[in-house]
Amino acid sequence: MAGITALRLLRGAGSLAGRRVLLTGASGGVGHYLTELAAGAGAEVSVVTSSVERGRRLAELGAAVVVQDVADAVGPFDVVFEGVGGRDFAAAVGKLASGGVVHWYGQASLAPVSLDFFALIPVTPFTIKHFPHWVSDTTDGEDLATLVRLVAEGRLHPEVGRTADWTETAAVLEDLYRRRVRGNAVLTV
């Protein structure tokens, strides 16, 4: 699911070659894939992660700049992929270049988003696009095939943080929801 979401976000953003991209919540599964896919597409990728260890890993995947707080990101950015919500959302929008686009795909912080319209006047015009991962012109199967091909070609490096028997599905989903799994969870049959 994380890989499909990242692939669809990348597709929805259009060509990223030579563009400056900011990615919040980069430590999660979507962020891991999105960092590598965006860098591979030619973007200059800046990521926000609270973990120094994860920051090193994201740099290995192609992140040009790693910061621990959105406020520390040096913009402006052409594209922002925002998956944290809360106060990070408004801070990320404030880092946009005029004419930039925010692809809002999640709210990992579980905190509500609020925007101060007047604080954003310097970056207008800009676009905020809500991104429901389940709406796509391609099927999950087609996107999974693309991800498998990228892995086989050595262009994508999934991170498996937990492997469990399928009978543990409920516990694994709870752990994913509570962010106790770094990377992907694999259920075996």
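Okay, so Arg 8 is buried, with a relative accessible area of 5%; buried here is under 20% relative accessible area, exposed is over 50%, and partly exposed is in between, using a 1.4 Å probe and protein chains only. What does Arg 8 meet in a salt bridge? The side chain of Asp 140, at 2.8 Å, N to O. By salt bridge I mean a side-chain nitrogen of Lys or Arg within 4 Å of a carboxyl oxygen of Asp or Glu.

Before I go on: this is a predicted model, so local features need pLDDT of at least 70, side-chain atom pairs count only at pLDDT 80 or more, and totals for chains, interfaces and linings use all residues. Residues are numbered from 1 along each chain as its sequence is written, and side-chain values use heavy atoms, with hydrogens and water left out.

Back to the pair. Asp 140 is in helix α5 and Arg 8 in helix α1, 132 residues apart, so this bridge links distant parts of the chain. Helices and strands are DSSP runs (H or I, at least four residues, for helices; E, at least two, for strands), numbered from the N terminus.

Buried or exposed? Thr 5 counts as buried, at 7% relative accessibility. Leaving out residues up to four places away in sequence, Thr 5 touches Val 30, Tyr 105, Phe 131 and His 133; contact means heavy atoms within 4.5 Å.

Now the core. A nonpolar core is a set of buried Ala, Val, Leu, Ile, Met, Phe, Trp, Tyr and Cys residues joined through side-chain atoms within 4.5 Å. The largest one has 29 residues, and the members touching the most others are Leu 9, Leu 16, Leu 23, Leu 34, Val 47, Phe 81 and Tyr 105. At least two residues each come from α1 (2-13), β1 (20-23), α2 (29-40), β2 (44-48), β4 (77-82) and α5 (140-152). Which element gives the most? That's α1, with seven residues.

Take Leu 34 as a way in: setting aside its neighbours within four places in sequence, Leu 34 is in contact with Ala 6, Leu 9, Leu 10, Leu 23 and Phe 81. There's also a second, separate core of 14 residues, which includes Val 70, Val 80, Ala 92 and Val 93.

Next, helix packing. The axes of α2 and helix α3 (residues 52-60) come within 9 Å and cross at roughly 30°. Axes are lines fitted to C-alpha atoms, for helices over the stretch in contact, and angles run from 0 to 180 degrees between N-to-C directions. That makes α2 roughly parallel to α3, since angles under 35 degrees count as roughly parallel, over 145 as roughly antiparallel, 65 to 115 as roughly perpendicular and the rest as oblique. On the α2 side the contact is made by Gly 31, His 32 and Thr 35, and on the α3 side by Arg 54, Arg 57 and Leu 58.

Arg 57 does something else too: its side chain meets that of Glu 60 in a salt bridge, 3.4 Å from N to O. Both lie in α3, three residues apart, about one turn of the helix. Glu 60 is exposed, at 61% relative accessible area, while Arg 57 counts as partly exposed at 26%.

How many salt bridges turn up in the whole structure? The search finds 14. Another one is Asp 69 with Arg 87, where the closest N and O atoms are 3.5 Å apart. Asp 69 is in the loop between β3 (65-67) and β4, and Arg 87 is in helix α4 (residues 86-93), 18 residues apart. Asp 69 is partly exposed, at 22%, and Arg 87 counts as exposed, at 61%.

Two backbone details to finish. A cis peptide bond joins Gly 75 and Pro 76, with omega about 5°, and Pro 76 is found in the loop between β3 and β4. Then there's Leu 110, with phi near 65°, a positive value in a residue other than glycine. Leu 110 is in the loop between β5 (96-104) and β6 (127-130), and it's exposed, with a relative accessible area of 58%.
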